[in-house]
Amino acid sequence: MNADIQRLANNLIYDGHLRCGSLKVANQRIRYTTDPAIAIQNLPPHEVESPVSPGETAAAVNLSWVVDVLDPARGAVFVDTDKLQGRESRSEGSDLVYNATEIRIIKVLTSVLQACGIEGRNVGMLSPYRTQLRQLEIEYGIRLESGDIAQPLAADEEGSEDPVSSNADHANGTIVYNGIEMHTIDRYQGRDADVIIVSWVRSNSHQAIGELLRDWRRINVAITRARLKLIMVGSRSTLQRSPLLAAMLNILAANNGIIQVPSKGMALAKRPSGNGSSASASSEASKPVAKTAGSALLKNRPITSNIIAE
């Protein structure tokens, strides 16, 4: 991992004991064959929700935030969805949670990354919630919205695994779209990729984060899987209810690593055959992040000294 990601992990979890393998590793930055600003201008018309005229490209939409997110100088960034009022939703007839707004953000980020020359095999997509991954499968066309797939669905529980559609490229149960692997955070332990995109999902008016986001070990895995670029998507006002995630947001804010999507920054198309489910539009202003010292949170927890990050 590079120095930006190492700094975040050290302040949150490792109390300064995490080390980059070399100065070269520390200074690594993501490199694009096409500049993100140019790639955005060349996005196809179907990426735009309501084009003014036929053939209009994404250049007409306010996607300047994407350029900020993909800036190579920012090794670790948090994409704040609060201005979009992108609330979490529940699967019909269950308490299983997903976030359609975060899915739309992830879709445009992966589209632009690949337009910039980043191969899918160098990108990993993570979420603590398997239901979020299932919704991503639907949006990417891997799974039919009716739920029809080649194998029967397993019990849909948070963090557990699910069979994938025969329409997807997959190996050993891994969900792959255009080379991009999608996993629960727990499943991705011991793995890494040049670019990691994390969807935190939780966004609600009462700022409930659930049990999965209270486990520091899961957060540790999420933030230490990226070698060159860590992109996290979520609601700042909701996630700040976790002391550890609040500390993470403070660190990122101090390093110009929080990018807020403007209210008109997501005029991006859902799939025409979408199921129409979306997060509720209840509004809530972002609240300031609690000033909590990240390194102090886990100072009494055992850690491995002088870990070498390759």
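Me: How are H1 and H7 oriented to each other, roughly parallel or roughly antiparallel?

Reply: Two packed helices are described by the angle between their axes and the distance between the axes. Axes are lines fitted to C-alpha atoms, for helices over the stretch in contact, with angles from 0 to 180 degrees between N-to-C directions. Helices (H or I, at least four residues) and strands (E, at least two) are DSSP runs numbered from the N terminus. In this predicted model, the axes of H1 (residues 3-14) and H7 (residues 216-223) come within 10 Å and cross at roughly 170 degrees. The two are therefore roughly antiparallel, a label for angles over 145 degrees.

Me: Which residues of H1 and H7 make the contact?

Reply: Contact means heavy atoms within 4.5 Å. H1 brings Ile5, Leu8, Ala9, Leu12, Ile13 and Tyr14, and H7 brings Trp216, Asn220 and Ile223.

Me: Which residues have the most contacts inside the largest nonpolar core?

Reply: Such a core is a set of buried Ala, Val, Leu, Ile, Met, Phe, Trp, Tyr and Cys residues joined through side-chain atoms within 4.5 Å; buried means under 20% relative accessible area (1.4 Å probe, protein chains only). Here the largest has 39 residues, and Leu8, Trp200, Leu230, Met232 and Met248 have the most contacts inside it. H9 gives the largest share, seven residues.

Me: What conventions apply?

Reply: Residues are numbered from 1 along each chain as its sequence is written. Local features need pLDDT of at least 70, side-chain atom pairs count only at pLDDT 80 or more, totals for chains, interfaces and linings use all residues, and side-chain values use heavy atoms, leaving out hydrogens and water.

Notes. Angles under 35 degrees count as roughly parallel, over 145 as roughly antiparallel, 65 to 115 as roughly perpendicular and the rest as oblique. Buried means under 20% relative accessible area, exposed over 50%, partly exposed in between (1.4 Å probe, protein chains only).
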